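Please read the following report alongside the sequence and the three-dimensional model. The account moves from the whole chain to its parts and then to individual residues.

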Amino acid sequence: MRTAYTADQIRAAEHELMARLPEGTLMQRAASGLAAACAAMLGKVYGSRVTLLVGSGDNGGDALYAGALLARRGARVEAVLAGGRTHEAGLEAFLLAGGRTAGDGAAGAEAVERADLIVDGLVGIGASGPLREPYWGLARAANAAAAPTVAVDVPSGVDASSGRVEGAAVEAALTVTMGARKTGLLVDPGAALAGEVELVDIGLGPYLPDPDVVGLTGADVAALLPRPAAESDKYRRGVVGVVAGSDQYTGAAVLAVGGALLAGAGMVRYAGPGEPVAQVRAHWPEAVVTELERPSLDGVGRVQAWVVGPGLGTGDWAREMLAQVLASDVPVLVDADGLTLVARERDLLGREAPVLVTPHAGELSRLTGAGREEIEADRLRHARDAAADLGVTVLLKGSTTVVAEPDRPVRVNGTGTAWLATGGTGDVLSGVAGALLAQGLGCYDAGSCAAYLHGLAGRIASSGAPLHAAGVAAAVPAAIRELTSRSS
Ligand SMILES: NC(=O)C1=CN([C@@H]2O[C@H](COP(=O)(O)OP(=O)(O)OC[C@H]3O[C@@H](n4cnc5c(N)ncnc54)[C@H](OP(=O)(O)O)[C@@H]3O)[C@@H](O)[C@H]2O)[C@@H](O)CC1
Ligand SMILES: Nc1ncnc2c1ncn2[C@@H]1O[C@H](COP(=O)(O)OP(=O)(O)O)[C@@H](O)[C@H]1O
Ligand SMILES: [K+]
């Protein structure tokens, strides 16, 4: 399990640890980890040009001490002092080791341009608000330079506690983060700007509280995934019911059923009108299909979980099907058109059995009234608030998928690829998560494991080229195989 923390949590832990150690110990640990990471990235340290962007706080102090270590190994290190003040002891050590300073104007920009490696020590967990000048300009100069940037603790301009970016931010090839991962390194847009993340152990572990967010690893998902046992049969493995698709949108039904079948459901029951029924039968002979003359679940058979909503439409038929599904006593996943209906009629969610909703930012906006862009900029907060308000588990889709449930750390997933941003992949996700619910996982585990598997399947289906939604469903078994073979 990857854990991450807010700036306040880190600061509190640092205080406790610092009180037990001689002054400066933590920064020395941080700087030596940072210098080692820079050296590894440079390959040959001697004679290389390193430019430090140094802000007024301890983030700049880390950069200066690391710069001193690199200078002692023969690097030509220049520091652009961007703050109104500079970490005094760090600067002294840096100058003593042979480092030089460059002004923050044109000379600083030139130092950035000629560097082999740039170290971003402008701001870390002490930042507030958008970067101010001259930091803003230096961040942009670093992004325009040919050399890669190593960010100290977090890329400057990324909010350490949320991943939010207001204005300019450093685009790092590597972020060397001190003591523990910061939440903003796991959540987009921050995650996308952090590059690789390397954690330097400064001894903070025993002082850290429960994490703010967590990310499942492949081994975690492999351990959570249900597997058939010798005594299994199709009913005991879990039956998923899918209520999706309409005469107008038949593909959603095919994709959701496919996701459910290929994620290991014992059986999939599909119920819908004539057109999607014909399509589901043609694509998935293994599904048990009921053609409906009227919106009713009578005679469809028992299931252990329902998936409702993709391509369902928002008219009377759809509303009646949704109401009947939600009136059942098993877990229900509500997606797409189902969410539009719930946004109109919140009372539909009032039920005892668990509910997992899987909106993208636009659908969450309909549910909560918050703006779509505002949600995308701060997805953690909006997913958390929605989970608390609605009393359900919220899986918010997008470049980072986040799963929020009241009173638990948010789970974040970054296994996906931007190639997944194509029509129908969300329908596949709903089927995958439905299969995991039917196999007995709770909404929190089902949602986060489904997001992981779906992202990995997307990568397998894509391998750097366009994918289509049916290909993502087809790659789900390969994703499961990859996980389980890695962990056995
Ligand atoms: N403590 C320790 O032992 C350890 C600490 N560690 C390291 O310390 C880092 C935290 O250091 P920190 O607390 O000094 O804050 P930090 O992020 O450097 O800068 C804050 C200053 O920046 C400024 N500023 C703020 N916002 C701004 C903006 N938008 N645009 C422009 N300027 C802005 C503002 O200064 P002002 O402008 O008011 O002069 C503010 O005071 C942490 O991330 C880690 O790297 C590790 O080495 C582990 C051991
Ligand atoms: N930029 C991106 N990077 C990674 N995954 C993405 C990105 N954009 C979308 N996705 C994923 O693709 C899927 C899209 O789902 P959704 O928006 O419901 O599409 P549809 O309704 O067409 O099925 C989600 O799983 C989402 O997390
Ligand atoms: K930084």
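## Basis of the description

This is a predicted model, in which local features need pLDDT of at least 70 and side-chain atom pairs count only at pLDDT 80 or more, whereas totals for chains, interfaces and linings use all residues. Residues are numbered from 1 along each chain as its sequence is written, and chains are lettered from A and ligands numbered from 1 in the order in which they are written.

## Overall fold

The protein contains 19 helices and 19 strands, where helices (H or I, at least four residues) and strands (E, at least two) are DSSP runs numbered from the N terminus. Its radius of gyration is 26 Å, close to the 23 Å that the globule rule gives for 488 residues, so the protein is as compact as a globular protein of that length; the radius is taken over C-alpha atoms, and the rule is 2.2 Å times the number of residues to the power 0.38. Along the principal axes, the C-alpha atoms fill a box of roughly 85 × 45 × 45 Å.

Of the 488 residues, 57% are buried, a residue being buried if 20 or more other C-beta atoms lie within 10 Å of its own, exposed if 12 or fewer, and partly exposed in between, with C-beta atoms placed from the backbone. Among contacts between residues at least 6 apart in sequence, 71% join residues at least 24 apart; two residues are in contact if their C-beta atoms, placed from the backbone, lie within 7 Å.

## Domains

The protein is divided into domain 1 (2-214) and domain 2 (218-487), with bounds that come from an automatic or database domain assignment. Taken over C-alpha atoms, the domain centres are separated by 40 Å, and twelve residues of domain 1 are in contact with 13 residues of domain 2. On the side of domain 1 that touches domain 2, helix H7 (190-194) and strand S10 (213-215) are the elements that give two or more residues. That side has seven nonpolar, one polar and four charged residues, where Ala, Val, Leu, Ile, Met, Phe, Trp, Tyr, Cys and Pro count as nonpolar, Asp, Glu, Lys and Arg as charged, and the others, Gly among them, as polar.

## Ligand shells

Around ligand 1 there are 29 residues, of which Gly 57, Asp 58, Asn 59, Gly 124 and Gly 126 come nearest; a residue is near a molecule if its C-beta atom, placed from the backbone, lies within 6 Å of it. Helix H1 (7-18), helix H2 (25-42) and helix H3 (58-72) each supply at least two residues of this shell, and H3 gives the most, with four residues. By class, the shell around ligand 1 has 13 nonpolar, eleven polar and five charged residues.

Ligand 2 is surrounded by 18 residues, the closest being Lys 397, Gly 416, Leu 420, Ala 421 and Gly 426. Helix H17 (residues 425-438) provides the largest share of the shell around ligand 2, four residues. The shell around ligand 2 divides into five nonpolar, eleven polar and two charged residues.

In helix H6 (residues 135-144), the buried residues are Tyr 135, Leu 138, Ala 139, Ala 141 and Ala 142. They cover an arc of only 160° around the axis, which puts them on the same side of H6; the arc is that of the directions from the helix axis to the C-beta atoms. An α-helix has 3.6 residues a turn, so residues three or four places apart point the same way. What covers the buried residues of H6 includes strand S2 (49-54), S3, helix H5 (106-113), strand S5 (117-121) and strand S6 (149-152).

Ala 79 lies in strand S3 (residues 76-81) and counts as buried, with 29 C-beta neighbours inside 10 Å. Not counting residues up to four places away in sequence, Ala 79 touches Leu 52, Val 54, Leu 64, Gly 67, Phe 94, Gly 99, Thr 101 and Ala 102.

## Backbone details

A cis peptide bond, with omega about 5°, joins Glu 133 and Pro 134, and Pro 134 is placed in the loop between S5 and H6. Another cis peptide bond, with omega about 5°, joins Asp 188 and Pro 189, where Pro 189 is in the loop between strand S8 (181-182) and H7.

Asp 153, although not a glycine, has a positive phi of about 70°. Asp 153 lies in the loop between S6 and strand S7 (174-178) and is buried, with 29 other C-beta atoms within 10 Å. Ser 463 likewise has a positive phi, near 35°, in a residue other than glycine. Ser 463 is found in the loop between helix H18 (443-462) and helix H19 (469-487) and is exposed, with 10 other C-beta atoms within 10 Å.
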